Amino acid sequence: MVIRREPRGPLRLFVQMLWYSDDTADRDGRFERERVLPTGSMHVVVRLTDPPLRVFDGAGIATDVGRAVIGGARSTFYERDISRPSRSVGALLCPGGALPLLGIPAEAFAERHTALEDVWGSAALELRDRLLEVGSPHAALDLFESALAARFPRVRGVNPVVAHALARFETTFDVGAVVDETGYSHRHFITMFHEAVGLTPKRYCRVRRFQRVLSRAASTRPWSEIALDAGYSDQAHFTREFRELAGVSPSRFRLLSPAHAHHVPIDTPSSNSFKTVPARRGKIGP
């Protein structure tokens, strides 16, 4: 079960979507891991079941990253454990929303997971305790939304140059042209964008182009047509980037036909055969 809704009021400036997920009642047990594909955005997630989020590195080493986490913007997929039932409530942040809501530039979270406690301190643990006490998914969403809105006293807003670039990158992936529009030097612009979004403009556009493909993946159109419409230069370019970002070829992705385009199940040995290491912990920011 997945419930999604848009935030209310001014929170819409910084949060794209709130969601509640519960797979405790309907599990077929076929898969133990999945690849989570990049969106170019960040998540703030609180798990309401006991097992913490477990992710795997390229060598298959598992790390438990906690029950309240920040998922930074990524330019490729990561793998996570789905062998254990879970219930979670979370928020998908708008690009540029990290600094206003978390008080720290997005680049500090990029390409990894961070314990929310390392940023919010004890408030993260208190929020999870309160979420565990509510009686319904919609009540949990309301409480989580209120907790995010409570961060507003420290809001400083999104850099207008970055906001302009994000809007333009929905219609063009020509980074040079967008930089020229801002009037800033290429180096200065990249620094501002990277701090706000967590990815460089080039990597962000790469992920957004990939997102265009994923939004059409369920259709029966040939991949070559989808790739051309999304802005890829040729079939080889498309296939190479798809495999790098998704971990599977386009044909394999379509064969798997995942229920959610960003969550691709994979066949793996039992999770008991993987070594698990604790996550690194430490206060982030001032």
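**Rings and their surroundings**

Author: Begin with what is absent: the structure holds zero disulfides (a disulfide is a pair of cysteine sulfur atoms within 2.5 Å). In general, such a link is a covalent bond between the sulfur atoms of two cysteines. Cys-94 counts as buried because its relative accessibility is 17%. The cut-offs are these: buried means under 20% relative accessible area, exposed over 50%, and partly exposed in between, with a 1.4 Å probe and protein chains only. Cys-205, at 4%, is buried as well.

The model is predicted: local features need pLDDT of at least 70, side-chain atom pairs count only at pLDDT 80 or more, and totals for chains, interfaces and linings use all residues. Residues are numbered from 1 along each chain as its sequence is written, and side-chain values use heavy atoms, with hydrogens and water left out.

The protein has eleven helices and twelve strands. These are DSSP runs numbered from the N terminus: helices are H or I with at least four residues, strands are E with at least two. Of the 286 residues in the protein, 49% are buried.

On to the rings. How many aromatic pairs does the structure hold? It holds ten. Phe-189 and Phe-193 form a tilted pair, because their ring centres are 5.9 Å apart and their planes meet at 35°. The rule covers rings of Phe, Tyr and Trp (its six-membered ring): they pair if their centres lie within 6.5 Å, and planes under 30 degrees apart count as stacked, over 60 as edge-to-face and the rest as tilted. Helix H7 (residues 186–197) carries both Phe-189 and Phe-193. They are four residues apart, about one turn of the helix. Both Phe-189 and Phe-193 are buried.

Next comes Phe-210 with Phe-242. Their ring centres are 5.4 Å apart and their planes lie at 70°, so this pair is edge-to-face. Phe-210 belongs to helix H8 (residues 201–214) and Phe-242 to helix H10 (residues 235–246), so the pair ties together parts 32 residues apart in sequence.

Look at Arg-209, which is found in helix H8. Arg-209 is buried, because its relative accessible area is 12%. Its side chain makes a polar contact with the side chain of Glu-241, at 3.2 Å. A polar contact is a pair of N or O atoms within 3.5 Å; within protein, one must be able to donate a hydrogen and the other to accept it, and residues adjacent in sequence count only if both atoms are side-chain atoms. Leave aside neighbours within four places in sequence. Arg-209 is then in contact with Phe-173, Ala-230, Gly-231, Tyr-232, His-237 and Glu-241 (contact means heavy atoms within 4.5 Å).

Other arginines sit over rings. Arg-33 lies over the face of Phe-56, 3.9 Å from the ring centre. Arg-35 lies over the face of Phe-77, 5.2 Å from the ring centre. The test asks for NZ of Lys or CZ of Arg within 6 Å of the ring centre and within 35 degrees of the ring normal.

Now a polar residue. Glu-145 is found in helix H4 (residues 137–149). Glu-145 counts as buried because its relative accessibility is 6%. Which partners does its side chain reach? There is a polar contact with the side chain of Arg-5, at 2.9 Å. The backbone nitrogen of Arg-8 is reached at 2.6 Å.

Last, a strand with a ring. Strand E1 (residues 2–5) and strand E2 (residues 15–22) run antiparallel, joined by four bridges. Two strands pair if DSSP finds at least two bridges between them. Tyr-20 in E2 is the bridge partner of Ile-3. E2 also runs antiparallel to strand E9 (residues 87–93), with seven bridges joining them. There, Val-15 has Leu-93 in E9 as its bridge partner.
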